[in-house]
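Hi,

Here is the structure I promised to pass on.

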Amino acid sequence: MTDASMNRRSILSIAAATTLVGSGLPTAPAKAADTATSDEFGGIRFCLNTSTVRGQELTITEQVDLAASSGYDAIEPWVRDLVAYKEAGGSLPDLRKRIEDSGITVESAIGFAQWIVDDDDQRRKGLEQARSDMELLKSIGGKRIAAPPVGATKEAGPALPVIAKRYADLLNVGAEVGVTPELELWGFSKTLSRLGELAYVATEAGHPDACVLPDVYHIYKGGSDFAGLAMIEASRMPAFHMNDYPANPPWETIGDADRVYPGDGIAPLDDIISLLHRNGFRGYFSLELFNRDYWKQPASEVATTGLRKMKSAVRKALA
């Protein structure tokens, strides 16, 4: 991070507070950005997945301001918020400039194109949707987009070699646009719920851009051992969804909304983070939560608390 970007963040922290207060949403006083470099965290950087503050119903511009003023290195927006911004008359070049001026980057994004389904027509439309999502993301400087198994979650999906071919097709679309689809693990799904499946598909896709997007909660929910992360090349994990999970509800009934801040649950974060780092992970930990209690709190409080707890978990694991 340059001195110029840190200065921009300091200015933006004031602007963000003004914007959020003006929106009528609950806010906490703006806090100065944490200017510690990634060297303090072994090269790991930190990203805000905007699901973490979904309940506060911030616009994409408010989300950008929040991520920057809270001290994050990057933001992981949801495509639907970008679509809403554009449909309301928002300028994508203006949004890109806002992001660049804030000193953060768009390392990943969340989309739900149905690239994996068996129905040929539906899959064709899914690839068209993926292209549209990627082009929208590219226009604001986005680099990657999640590729979860949407449409193949309730029943076991296609055979893994078939999924690998379809992921390769999606990667080809991404290569044309300039945005890379990240094969995402969904622990509750009947398809791509385990680390081994994720590794197989990414490997057999046979594409130079293949990469994966694991998640602490989803690895647990899918039943894989965290030790399996050692079998995935760290450079193929540019982003990693960071969160924690409590002892209750139990594994059988735990859901997305039960995720908690890193360090507030029972996940073996020391082992996970140290394993990833030993294997060369230098990507982005992206805070992804859906906790309804957090959604009732000021967005700035949630964002700053989440970043503080992520950094604390990394410091502890690498000590």
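Below is what turned up, starting with the ground rules.

This is a predicted model, where local features need pLDDT of at least 70 and side-chain atom pairs count only at pLDDT 80 or more, while totals for chains, interfaces and linings use all residues. Residues are numbered from 1 along each chain as its sequence is written, and side-chain values use heavy atoms, with hydrogens and water left out.

The chain has 11 helices and 8 strands (DSSP runs numbered from the N terminus: helices are H or I with at least four residues, strands E with at least two). Five of the strands make an open, parallel sheet in the order E3-E2-E1-E8-E7 (two strands pair if DSSP finds at least two bridges between them). E3 (105–106) and E7 (239–242) are at the edges with a single partner strand each, so one side of each has no neighbour in the sheet. E1 (residues 45–49) and E8 (residues 284–287) pair over 4 bridges, and Leu48 has Leu287 as its bridge partner in E8.

Now the salt bridges (a side-chain nitrogen of Lys or Arg within 4 Å of a carboxyl oxygen of Asp or Glu): the whole structure has 19. In one of them, Arg259 meets Asp215 at 3.1 Å, N to O. That pair links distant parts of the chain, 44 residues apart, and both residues are buried (under 20% relative accessible area, with exposed over 50% and partly exposed in between, using a 1.4 Å probe and protein chains only). By contrast, Glu100, which bonds to Arg96 in a salt bridge, is partly exposed at 44%.

Cheers
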